[in-house]
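Open the structure in your viewer and keep the selection tool at hand. This tour goes stop by stop.

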Amino acid sequence: MRKHLGAAALFVVLAVAMTWPLARCVDRCVTDPGDPYINTWILDWDWYAAFHQPLALFQANAFYPAQYSLAFSENLFGIAILTFPLRAAGATPLTTYNLMMLAGFAFAGFAAYLLGFQLTRSWLAGIAAGVCYAYLP
């Protein structure tokens, strides 16, 4: 168990290091000028629609007069549910997106570590699997 906690901490540190300087300015930076903006908007729309018009989730406020415009892209609702506590605590849409980005890298690496460890019973093989899966292109 102690090894697994150490590995989890390692993957959190690696997520911060591999995406630096994102962690330094998590409330105002994006990794690139493309997908982060639309994905932040989608997550924010999911938050809004879930609490204001849950039966009209796909009636997003884009591409007027088109209907069901959220269906033109991914709806990210599974990730949005994980962001609801952050949003309820007052985090901005960009902050929640960036925290989910960092968490995604850390959890992906840790899951690959667990798989590698389960298959080989080697901590080092698990770490190698996690690093290769999460941080190498």
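Contact here means heavy atoms within 4.5 Å. Keep in mind that this is a predicted model.

**Stop 1: helix α3**

Select residues 77–88. This is helix α3, with twelve residues. From its first C-alpha to its last, α3 reaches 16 Å, close to the 16 Å expected at 1.5 Å a residue.

Now colour A80, T83, F84 and R87. These are the buried residues of α3. Look down the axis of α3: its buried residues fall within an arc of 145°, so they line one face of the helix. An α-helix has 3.6 residues a turn, so residues three or four places apart point the same way.

Turn to the other side of α3. There G78, L82 and P85 are exposed.

What covers the buried residues of α3? Show α2 (35–52) and α4 (93–120); the cover includes both.

Step past the end of the helix. G90 follows α3, and its phi is positive, near 105°.

**Stop 2: the largest nonpolar core**

Select I42, L43, W45, A49, L57, A60, L70, L76, A80, F84 and Y97. Together these eleven residues make up the largest nonpolar core. Both α2 and α3 supply at least two residues each. Which helix gives the most to this core? The answer is α2, with four residues. In soluble globular proteins, nonpolar side chains tend to be buried together.

Zoom in on L43. Leaving aside residues up to four places away in sequence, L43 touches L76, I79, A80 and Y97.

**Stop 3: a second core**

Next, select A7, A15, A106 and Y135. They are among the ten residues of a second, separate core.

**Stop 4: the cysteines**

How many disulfides does a search of the whole structure find? It finds one. Select C25 and C29 to see it: their sulfur atoms lie 1.8 Å apart. Is this disulfide left-handed or right-handed? The torsion about the S-S bond of C25 and C29 is about -115°, so the disulfide is left-handed.

Then move to C132. Here the relative accessibility is 45%, so C132 counts as partly exposed.

**Last look**

Return to A80 and F84. Both are buried residues of α3, and both belong to the largest nonpolar core.

Conventions: Residues numbered from 1 in each chain as written. Predicted model: local features only at pLDDT ≥ 70, side-chain atom pairs only at ≥ 80, totals over all residues. Heavy atoms only, no water. Disulfide = S-S within 2.5 Å. Buried < 20%, exposed > 50% of the residue type's maximum accessible area, 1.4 Å probe, protein only. Expected span 1.5 Å × (residues − 1). Arc of directions from axis to C-beta. Core = buried A, V, L, I, M, F, W, Y, C linked by side-chain atoms within 4.5 Å.
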